Amino acid sequence: MPALAIRAFTATTALGRGNAAQAAALRERRGGLRRNDFGPTPLPTWIGRVDGVEDAPLPSALSRWECRNNRLAWLALQQDGVLTALDTIVAKYGADRIALVVGTSTSSIGASEEAYARADVDADGVRHVPDDLTRPIVHTPHSLGDFLQHATGLRGPCITVATACSSSAKVFAQAARMIEAGLVDAALVGGVDTLCGSVLFGFNALGLVSSERCRPFDATRDGLSLGEAGGFAVIERAATGDAGLQLRGYGESSDAHHMSAPHPEGLGATLAMRGALDRAGIESADVGYLNLHGTSTPANDSVEARAVDALFPPTLHASSTKGWTGHTLGAAGIVESVFALLALEHGLLPGILDSAVRDPACGPQIRFDNADADIRYAMNNSFGFGGNNCSLVFGKVAA
Amino acid sequence: VSALTATIAGIGFWTDGLPAWDAARAFALDGTRPDNAPARPSPQLLAPNERRRAPGSVAVALEVAMAACRDAGIAPETLPSVFASTHGDLGITDYMCDTLATDPTAISPTRFHNSVHNAAAGYWTIGAGCTEATTALSAFDATFAQGLLEAMTQLATGTPAVLLVAYDTASVGLLGTVTHSEGLLGAALVLVRDGDGPRLGATLHDGADPDVPGPLGTYAGRNAMAQMLPLFDALASGGTRAALRAGPHRSLSLGIAYPENA
């Protein structure tokens, strides 16, 4: 595929707002998980909660979209020069020629949950949605995309991708296709997911939540820690001789196996990784860092470790950063793409937090310790329910 | 700006009372409806016990997807797919919110994993044994137009054939007082780069350009996916153009050319 230049990128997670906070916490091996304090009846688990969302209402002109998820979207959008980069490409191409493609798993379902929890019951026993939540747009998946379209003034195609935990990796693929087809010239991509009852109690019902901090690729791991996050990237067609960070390839596949369990041989994961390498036109040995899906569920990590071992040489540094942020679901794709971009930019290759005993399935690629290395290519894996897989390859062109 | 193009190789359709594309086309032409239309779709891709338990969204999506593949004579497992739905399964959203408000630890694990927006896409790829890419998207009242654009963009960037599936369910419960959608409606298109069939050209432009609803648009107009019906009304009657809402201030204009002797 034609290389796409990344003009700005950012993530806001439990580690803080913006890239500097992410890089510092990764370097210092300082995690963002806390004991679950979300909601009226918190389950005994650990969460990656973003501080201050409760105290950051949307500007009044955007109050129609008010909800926790769009607040986090707004906070994340203010960081790391994303809005300045958007202004530049709007001036260059016009707002009609810029796509907005964002991913989420549950969007603002937290607002729908709140409508049921706070429903008014009238004299006849009929429930009513509280007046402040009778806004249809916050009760539908496109809440996120619609909010961002109005918040940024972009007028190109605007789509909310919702393929569970691969959502905000797939946004890069969809935007890349639109740019390649000439439908648009540039795109704002990203993803946002916030903590809500649906995911905390839903993953708990599936028996996939740990009562301790998650321990990806540890032999004793017993489940994930959930988190929330938001992030964005501004991408456009790379010009000849362009230096800097680029999206170089994407691979997408389906497991065709099970709704909530990975293919036992990692078939879909392998197809996605191979597809991304092929599209980038590079060999697996060219990749310096791979940010794994690495959820810390017993099933995912051993399958993913074996698939990585079969495809990559022992020299690869691969890790899951979910011990720092928790599993941020529909935002995992953008957050972990940002971590891959930080690895390219600063040579900071994160290891794995809180894991001590290697799972026997781990090949030499799985690294628990941080490392420093100047690398040319970094990858990100994001896999979701329904067996929905996406891998991305990012590259760095020296000036 | 060059138009995106595609050939329609196969069509699937299902709504309450019109359980197939032939029935929908007949209704659009002369107002007739089949007797004894089934109350819900029964997708043969699922095992009989799964067929009964499948959420309405999954049942209608798999039914129309299979019908479109059959119509096109293309094996389902070879096709990448795009699943477009405004709201996902509104019955499951109501169940999740209601249970969380009353007894959160009672959430059903199956209903939870069926609550993801890509549930139908997941069941489709599993049932069809398809390892090709699939996506699930929403763009509110521009969902179908954006799904169609993504499918046509895939054709323009190297994919020879793609499956587009669009559907919405009925709103229920407390959520149904804010979000309105009635009945079950789904349609699917197998789109190919080259081949026989009606030829679509699509261009985005400014402004809302709403079509007056045709017979199908009037019949199923209260379902959230009625936004796709201008295209299906045109296809049913041999119409050569349709306009779809593509965003708050954008419209997708479709031109349709029919092969001779079709």
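Let's start in chain B: in helix α9(B), the residues B:L229, B:L231, B:F232, B:D233, B:A234, B:L235 and B:A236 are buried. Buried here means under 20% relative accessible area, with exposed meaning over 50% and partly exposed in between (1.4 Å probe, protein chains only). Helices (H or I, at least four residues) and strands (E, at least two) are DSSP runs, numbered from the N terminus. Since 7 of the 9 residues of α9(B), which covers residues 229-237, are buried, the helix is largely enclosed by the rest of the structure. After α9(B) comes B:G238, with a positive phi near 75°.

A word on the ground rules: this is a predicted model, where local features need pLDDT of at least 70 and side-chain atom pairs count only at pLDDT 80 or more, while totals for chains, interfaces and linings use all residues. Residues are numbered from 1 along each chain as its sequence is written, chains are lettered from A and ligands numbered from 1 in the order in which they are written, and side-chain values use heavy atoms, with hydrogens and water left out.

Now for the nonpolar cores, meaning sets of buried Ala, Val, Leu, Ile, Met, Phe, Trp, Tyr and Cys residues joined through side-chain atoms within 4.5 Å. The largest has 100 residues, and A:F203, A:F232 and B:L163 have the most contacts inside it. Helix α3 of chain B (residues 56-72) gives the most to this core, 9 residues. Another core, of 98 residues, lies apart from it and includes A:I6, A:A176, A:I375 and B:M152.

How do the two chains meet? In the model, 64 residues of chain A are in contact with 56 residues of chain B, contact being heavy atoms within 4.5 Å. Between them the chains bury about 4,800 Å², with 66% of it on carbon and sulfur atoms; buried area is the accessible area (1.4 Å probe) that two parts lose on being put together, summed over both. On the chain A side, A:Y116, A:R155 and A:M259 lose the most area to chain B, together 16% of what that side buries.

The rule finds 4 salt bridges across it, a salt bridge being a side-chain nitrogen of Lys or Arg within 4 Å of a carboxyl oxygen of Asp or Glu. A:R127 forms a salt bridge with B:D98, their closest N and O atoms 3.0 Å apart. Counting residues at pLDDT 80 or more, 16 residue pairs are in polar contact between the chains. A polar contact is a pair of N or O atoms within 3.5 Å; within protein, one must be able to donate a hydrogen and the other to accept it, and residues adjacent in sequence count only if both atoms are side-chain atoms. The largest share of the chain A side that touches chain B, 7 residues, comes from α7(A).

That makes α7(A) worth a look. Its buried residues are A:G197, A:S198, A:V199, A:L200, A:F201, A:G202 and A:F203, 7 of the 9 in the helix. They pack against β4 (46-48), α4 and β10 (226-227) of chain A together with α4 (90-102) and α5 (109-114) of chain B. Just after α7(A), A:G207 takes a positive phi of about 70°.

Over in helix α5 of chain B we find B:N114, which is buried with a relative accessible area of 8%. Its side chain makes a polar contact of 3.3 Å with that of B:H113. Leaving out residues up to four places away in sequence, B:N114 touches B:P55, B:I92, B:A119 and B:Y123.

Back to charge pairs: the structure holds 31 salt bridges over all chains. One joins A:D242 and A:R7, with closest N and O atoms 2.8 Å apart. This pair links distant parts of the chain, 235 residues apart: A:D242 is in the loop between β11 (229-237) and β12, and A:R7 is in strand β1 (residues 4-13). A:D242 counts as buried at 18% relative accessibility, whereas A:R7 is partly exposed at 34%.

Another salt bridge pairs A:D359 with A:R221, the closest N and O atoms being 2.7 Å apart. A:D359 lies in the loop between β15 (348-349) and β16 (371-372) of chain A and A:R221 in the loop between α7 and β10, so the pair ties together parts 138 residues apart in sequence. A:D359 is buried at 12% relative accessibility, and A:R221 is buried at 7%.
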